[in-house]
Amino acid sequence: MQVFKAGIEMASRWAIVCLRTYLKGRNFSSSCASAKPLHVCIVGSGPAGFYTAEKMLKRYEQANVDIIERLPTPFGLVRSGVAPDHPETKVVVNQFSRVGANERCSFFGNVSLGKDISLMDLHKLYHVVVLAYGAESDRELGIPGENLAGIHYAREFVWWYNGHPDCRYFPVDLQSTDTAVVLGQGNVALDVARILLRPLNELGTTDIAEHALSALQKSCIRKVYLVGRRGPVQAACTAKELREILGIQGVNVHINEADLVTSSLDEEETKKNRSKKRVYELFCKAAKSKSCQEFSTHDRDLHFVFFRKPERFLPSIDQRKVAGVRLQKTILKGDDATSYQYAVGTGEFEEIESGLVLKSIGYKSLCVDEFPFDHNKGVVAIKHSIHC
């Protein structure tokens, strides 16, 4: 591990030397109006960075684009965020590779904004600076027990099974409990639940990280609860992701049919949004098909839990690890004018015993240098020729 870390630091120093040498050799003008060519720096090499580079190169023939990235490798979420069993989604890497091969585009890995080079330096050297480094932090629930061992961000779990260097040694324990609770019902929540429940012979044919596959082979997880504050109509997943997890072989799907009863506002939502309608119909179909089965020999279970919000995490006897989640039942209240419905607690509670909790409740960006930043919204305040 120390050798690996030293190697990364050496590579980072060499990347900085190369970048500074490269920049010194170019004659930059401080006047955008008179400058030819146009010099653009993009911070971040994920989809947003490469799509921006592609558009700049096509739109401005005189543009030269430099992409800097804190990791040694490019492509961001395509590499570390897309599930390993979704290779078709990663095909976009071919498009980004063509952008990177353009003679007017250069990539510099192992360069960290705010550490190796400052935003002020970039602002002096380039006509345009685009901040496309994404959201590498997570939102907090702000409830008791959130710091107990065994509670993790879903993002970290995703980075772990995708081989992201920041989470190579992610301390996830898959052997001390047979139950996992995933808070959230978006695509990322469904991804982590699918990885936990999918047959190992299928995962073995993907490009999942070896250390993750080895850990999953020893996993004791047999039950996964996907918990959402609102109902099936408001579930944030896509029909494609939902259809895939409902079709996993060897898994019993549990959906409370009472949760599928819709209100007039629910019906209005499905009328206005076809994707919500398809998702809701899939839930109904799954609940109906499972209710017709008298028994099942499957050894794994997937529970969709609607109208519940976490109230607190329950500690183990030694007060160190999570032992469960206390959930408050909710009802939906909304505005007839907007049709938006929000969850309101009812004062009724129930508990799920679990030694593993993965929070998939949204992301936020980090301030990586001394520049205007809205910490409440988690976004960079646009200023001068700095864009995000």
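Which residue in strand 12 is the bridge partner of Pro315?

Modeller: That would be Val322. Before going further: this is a predicted model, with local features needing pLDDT of at least 70 and side-chain atom pairs counting only at pLDDT 80 or more, while totals for chains, interfaces and linings use all residues. Numbering starts from 1 along each chain as its sequence is written, and side-chain values use heavy atoms, with hydrogens and water left out.

Back to your hairpin. Strand 11 and strand 12 form it with six residues between them, and Gln319 in the turn has a positive phi of about 65 degrees. Strands (E, at least two residues) and helices (H or I, at least four) are DSSP runs, numbered from the N terminus. Strand 12 covers residues 322–334, runs antiparallel to strand 11 and is joined to it by seven bridges; two strands pair if DSSP finds at least two bridges between them. Another opposite pair is Lys309 and Gln328, the latter in strand 12.

Both strands sit in an open sheet of three, ordered 11-12-13 with antiparallel pairing. Its edges are strand 11 (308–315) and strand 13 (341–353), each pairing on one side only. Neighbours here are turned by 20 degrees against each other on average, direction ignored; axes are lines fitted to C-alpha atoms (for helices, over the stretch in contact), with angles from 0 to 180 degrees between N-to-C directions.

There's also an open sheet of six strands, in the order 6-14-7-8-10-9, with parallel pairing. Strand 6 (151–153) and strand 9 (251–255) each have a single partner strand, so one side of each has no neighbour in the sheet. Its neighbouring strands are again turned by 20 degrees on average, direction ignored. Inside it, five bridges join strand 7 (residues 179–183) to strand 8 (residues 223–227), and Val182 has Leu226 in strand 8 as its bridge partner.

As for charges, there are 18 salt bridges, each a side-chain nitrogen of Lys or Arg within 4 Å of a carboxyl oxygen of Asp or Glu. One of them links Glu54 and Lys58 at 3.8 Å, N to O. Those two residues lie in helix 2 (residues 47–59), four residues apart, about one turn of the helix.
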